[in-house]
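Work through these exercises with the structure open beside you. Try each task before reading its solution.

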Amino acid sequence: MKRFFRDLLRSPWVQRALGVLAAEYLRLVWRTTRFGYDPANVYDLVEPAQPAIFAFWHGQHFMTPFIKTKDSHRAKVLISRHRDGEFNAIAAERLGIGTIRGSGDHGGAFHRKGGVGAFREMVQALGEGWNVATTADVPKRSRVAGLGVIMLARESGRPILPFAMVTSRFIRLKNWDSTTINLPFGRGAVVGIDAVIVPPDADAETMERLRQQVETYLNEATRRAYAQVGRPEAGLG
């Protein structure tokens with residue numbers, strides 16, 4: 001019986017149904033949440049830097065499609081090839097976001113789970129004028145930025161824009177990345193932090209310093225975002 005339900009959940013029609021339901025639920029959350037922006041003119045600051053690499057923490061991904069507020073904001077998001085990523089990809093595409101399937105950062109081991117192909121596709125997308133959104137932390141190591149996003153910035157020549165997008169009402173799962181399921185009818189905050197620029201000739205020491213900077217910026221964005229929606233304790237997890 002357990003295998004039956006596992007196979008059922010992996011079936012294409014169930015994955016598509018879950019993706020559609022997830023997308024429409026997230027639209028409900030977006031439309032019923034009062035979002036504030038920090039800084040208030042964040043889009044005026046960000047638009048001249050596009051195409052850019054938008055970096056966020058694992059577990060905060062559900063609302064990120066809504067950072068795209070104009071049709072001119074062409075965006076693609078990196079989504080795992082894992083079976084759990086399938087309905088996420090369907091939901092993102094339904095919300096107008098392109099997808100790149102593969103692994104992000106396994107401590108620099110891009111050969112795993114299609115990582116090389118995904119990395120090349122992200123570089124190509126940035127070169128073609130697409131923004132690319134990706135998690136910054138290494139799988140199974142929550143809130144620890146990996147070198148993957150730094151390598152992507154060095155290879156593409158595009159800036160990293162760390163940000164956090166949170167809501168005051170949510171359910172937080174007890175898994176490795178503390179996945180946050182956003183709930184409707186609350187307050188929301190989008191917080192952007194200064195861009196991180198990676199020189200094309202960055203050596204190992206420079207890349208490590210910039211990796212730590214991305215990590216610091218993302219933690220600060222998360223802390224500020226939850227404080228602004230009246231949930232400062234949530235920014236510590």
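## Exercise 1: The largest core

Task: In this predicted model, find which residues touch the most other members of the largest nonpolar core.

Solution. Step one: the largest nonpolar core holds 38 residues, and I150, I160 and V214 touch the most other members. Step two: look for the elements that supply it. β2, α5, α6, β6, β9 (187-192) and α7 each give at least two residues to this core. Step three: look for the largest share. That share is eight residues, and α7 supplies it.

## Exercise 2: Around V214

Task: List what V214 touches, not counting residues up to four places away in sequence.

Solution. Step one: select V214 and set aside the residues up to four places away in sequence. Step two: take contact as heavy atoms within 4.5 Å. Step three: read off the list, which is A136, A145, I150, I160 and V196. Step four: look beyond this core. Another core, of 26 residues, lies apart from it, and its members include L26, F35, V42 and A92.

## Exercise 3: Helix α6

Task: Which residues of helix α6 are buried, and against which elements do they pack?

Solution. Step one: find α6 at residues 148-156. Step two: apply the cut-off for buried, under 20% relative accessible area. G148, V149, I150, L152 and A153 are buried. Step three: trace their packing. The buried residues of α6 pack against β2 (53-56), α5 (115-127), β5 (131-135), β6 (160-167) and α7 (204-228). Step four: go just past the helix. There G157 takes a positive phi of about 80°.

## Exercise 4: Strand β5

Task: Decide why β5 counts as largely enclosed, then find how it pairs with β2 and β3.

Solution. Step one: count the buried residues. Four of the five residues in β5 are buried, so the rest of the structure largely encloses this strand. Step two: turn to β2. It pairs with β5 in the parallel sense, over four bridges. A55 stands opposite T134 in β5. Step three: turn to β3, residues 75-79. Three bridges join β3 to β5, and the two run parallel. V77 has A133 of β5 as its bridge partner.

## Exercise 5: The whole protein

Task: How many helices and strands are there, and what percentage of the residues count as buried?

Solution. Step one: count the elements. The protein has seven helices and nine strands. Step two: check burial. Of its 237 residues, 48% count as buried. Step three: check the surface.

Methods
Residues are numbered from 1 along each chain as its sequence is written. This is a predicted model: local features need pLDDT of at least 70, side-chain atom pairs count only at pLDDT 80 or more; totals for chains, interfaces and linings use all residues. Side-chain values use heavy atoms; hydrogens and water are left out. Buried means under 20% relative accessible area, exposed over 50%, partly exposed in between (1.4 Å probe, protein chains only). A nonpolar core is a set of buried Ala, Val, Leu, Ile, Met, Phe, Trp, Tyr and Cys residues joined through side-chain atoms within 4.5 Å. Two strands pair if DSSP finds at least two bridges between them.
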